[in-house]
Amino acid sequence: MPDTSVSTSPAPLLHIEGLTRRFRDRVAVDGLTLSVRPGEILGLLGPNGAGKSTTFQMLAGLMAPDAGRVTFAGRALALSDPALRRQLGIIFQRGSLDDLLTARENLLLGARLYGLTGERARARVEAMLALIGLADRGDERVGTWSGGMRRRLELARALVHQPRVVLMDEPTQGLDEAAFRTFWAHLKRLRDAEGLTVLLTTHRADEAEVCDRLAVLDAGRLVACDTPAALAARMGGDILSLESADAEALARDVREKLALEAKVVDGRVQVEVAQGHAWVPRVVEAFPAGRLSSVSLRRPTLADVFLQLTGRALGADVPTAEPAPRRRR
Amino acid sequence: MNAEISTAPAPLAAGEPAASPPGTLALQWATVRVLMARDVVRFFRQPSRVIGALAQPVLFWFVIGSGFAGSFRVEGAQGLGYQQFFFPGVVTMVLLFSAIFATITVIEDRREGFLQAVLAGPGSRLAVVLGKALGSSAIALMQASLFLLLAPLAGVSASTLNLPLLVAVMVLSALALTGMGMSLAWWVKSSAGYHAVMSIVMLPMWVLSGAMFPLKGAGTWLSWVMLLNPMRFSVEGVRRALYGAQASLAVGSPMSGAGLEVPVLLVFATVFLGLAAFSVSRRE
């Protein structure tokens with residue numbers, strides 16, 4: 001089984017270099033260079049339009065890059081090379097399950113597409129059903145299943161042919177908190193059981209927190225790549241968040257009276273300060289009663305880190321959203 | 001929902017996948033087979049489709065057939081009533097509708113992500129096209145075979161029936177039509193758009209194939225369109241296989257009865273399937 005520790009394996013399993021894709025005159029992915037280490041969970045973090053999905057489509061072999069090279073386990077391979085395709089398990093944002101087939105049939109279909117046959121295919125299907133905790137529901141048609149169960153089956157389907165890397169495009173999109181946690185518990189369990197390496201795209205801050213490393217994308221470029229803790233540590237202090245009837249005016253006053261860098265995010269004034277607890281009384285005293293409707297203090301989240309790195313909010317759509325060509329209605 | 005995580009280990013020791021990768025050809029064949037089997041299974045799991053597939057040709061044959069029966073007369077083909085004339089046309093209609101339906105599922109599969117997952121796998125795009133085409137052809141052939149059980153009612157006798165020709169024409173027609181449908185479907189993003197393509201291209205092709213009215217009675221420009229129509233060869237092929245060369249010649253083109261149907265349909269099937277594979281492999 002491959003080594004599943006994160007920091008001790010410097011040799012990348014999958015290395016992407018200079019990956020570039022243009023749509024007419026706009027560059028969606030701009031010279032992306034990225035190393036995925038064996039056994040890690042690497043998240044591509046960015047808002048819609050940052051180039052995540054384009055990168056994913058290229059790695060999934062559905063879109064041809066304009067430039068770039070991919071090395072897998074030391075071998076330079078074309079993205080369309082069957083030798084590479086066999087090593088990748090892919091979960092698309094849109095489900096790939098057939099609603100008219102049972103869970104077992106869906107997995108068997110996935111196994112056969114990758115050349116598994118007979119007893120070997122069947123044994124893998126049963127093992128995967130057990131690993132995702134759905135062994136007793138294998139003969140149900142998946143059309144009636146909940147989003148969370150379908151997502152887990154997608155995971156099993158992507159892994160049924162024993163790939164070494166799993167690629168996931170916004171895997172928990174639309175899942176509630178409980179289903180999100182169940183999905184990730186299964187993913188981590190599978191990662192350990194199968195010695196997997198995971199590369200996923202996300203724009204959820206809570207999902208980014210559970211990755212081993214994050215590659216932060218903005219406007220098609222890599223702006224940072226580090227562990228979530230190291231990225232959060234780049235923000236010096238705490239986040240002081242103030243609420244007021246007129247946020248813009250308050251931000252101006254905070255800048256003038258307290259000489260702090262204040263910006264308005266989602267209708268609230270945000271100030272990044274060292275030793276935030278010392279600032280709370282000072283801020284409260286600086287303004288007359290009634291001016292502030294709430295004052296709160298928190299540790300920076302990845303959403304704050306993202307805002308600092310790119311000047312954009314993580315949840316927001318970039319105006320020049322990419323024309324995802326295969327996603328039209 | 002069972003949120004428990006099972007501890008059952010996966011049989012990793014059963015053999016490293018890298019040690020014995022399946023051959024490229026085996027992979028392609030697996031892709032073809034899987035897609036074909038899936039479409040057949042899906043067909044039988046949609047009762048409305050099964051009922052429609054059986055009832056529609058029978059209804060068509062009886063309703064349209066008896067509507068035209070009184071006014072239909074062909075010189076040199078005594079005893080060939082409209083019900084008989086129309087019977088091969090309904091057989092090809094079954095093949096056409098089945099191909100149209102299959103290509104609509106291509107659009108749906110693409111939207112649903114199923115096709116993305118297949119295309120992201122190790123199978124080639126030609127294998128994907130062939131799998132889809134064979135699956136749809138299998139459904140079409142089952143459907144057409146059931147309808148053909150009515151052949152004795154349409155005056156087909158054992159003396160004129162040419163079974164090998166019938167099978168060859170039906171298989172090649174099904175493949176050609178599915179290939180054509182898929183080459184068109186790949187450029188259309190919605191099933192609504194595909195319905196437009198269908199009613200502008202595919203249905204008129206059937207009407208002008210000699211399925212509904214004989215080539216002989218048509219005006220000059222129309223008969224030229226009909227002569228160049230690929231579906232004409234399907235209709236004439238089925239007619240010749242069921243009623244013999246004489247009957248086919250009586251209502252068809254000067255070339256019918258010359259045995260051109262199978263080679264011509266073979267060319268059409270190859271060209272359209274190739275075109276479909278080309279359309280599918282054009283990556284964005």
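The cut-offs, with C-beta atoms placed from the backbone: a residue is buried if 20 or more other C-beta atoms lie within 10 Å of its own, exposed if 12 or fewer, and partly exposed in between.

Before I go on, some housekeeping. What you're looking at is a predicted model, where local features need pLDDT of at least 70, side-chain atom pairs count only at pLDDT 80 or more, and totals for chains, interfaces and linings use all residues. Residues are numbered from 1 along each chain as its sequence is written, and chains are lettered from A and ligands numbered from 1 in the order in which they are written.

When I say helix or strand, I mean DSSP runs numbered from the N terminus: H or I of at least four residues for helices, E of at least two for strands.

You'll find A:Ala259 in the loop between α9 (247–258) and β12 (262–265) of chain A. A:Ala259 counts as exposed, because it has 7 C-beta neighbours inside 10 Å.

Now chain A as a whole. We have 11 helices and 14 strands in chain A, and its C-alpha trace spans about 75 × 45 × 45 Å along the principal axes. Chain A has 329 residues, and 47% of them count as buried. For contacts in chain A between residues at least 6 apart in sequence, 71% join residues at least 24 apart; a contact here is two C-beta atoms, placed from the backbone, within 7 Å.

On to the strands. There's an open sheet of four strands in chain A, ordered β2-β1-β4-β5, with antiparallel pairing. At the edges sit β2 (26–36) and β5 (75–77) of chain A, each pairing on one side only. From one strand to the next, the twist averages 25°. Pairing, by the way, takes at least two DSSP bridges between two strands. Inside that sheet, β1 (residues 14–23) and β4 (residues 67–72) of chain A run antiparallel and share five bridges, and A:Glu17 has A:Arg69 as its bridge partner in β4(A).

Which way do β6 and β7 of chain A run relative to each other, parallel or antiparallel? Parallel, with four bridges joining β6(A) to β7 (residues 165–169) of chain A. One bridge there pairs A:Leu88 with A:Val165 in β7(A). Look along β6 (residues 88–91) of chain A: A:Leu88 and A:Ile90 point one way, A:Gly89 and A:Ile91 the other, and all are buried.

There's also a hairpin, made by β9(A) and β10(A) with two residues between them, and A:Ala219 in the turn has a positive phi of about 50°. Five bridges hold for β9 (residues 213–218) and β10 (residues 221–226) of chain A, which run antiparallel, and A:Leu217 stands opposite A:Leu222 in β10(A).

Next, helix packing. Two packed helices are described by the angle between their axes and the distance between the axes. Axes are lines fitted to C-alpha atoms, for helices over the stretch in contact, and angles run from 0 to 180 degrees between N-to-C directions. In chain A, helix α3 (residues 103–113) packs on helix α4 (residues 118–131) at an angle of about 130°, with the axes 9 Å apart. Among the residues making that contact are A:Leu107 and A:Ala111 of α3(A) and A:Val125 and A:Met128 of α4(A). In chain B, helix α6 (residues 163–185) and helix α11 (residues 261–281) pack at about 30°, with axes 7 Å apart.

Last stop, A:Phe92, in the loop between β6 and α3 of chain A. A:Phe92 is buried, because 24 other C-beta atoms lie within 10 Å. Leaving aside neighbours within four places in sequence, A:Phe92 is in contact with A:Asp169, B:Gly113, B:Gln116 and B:Ala117.
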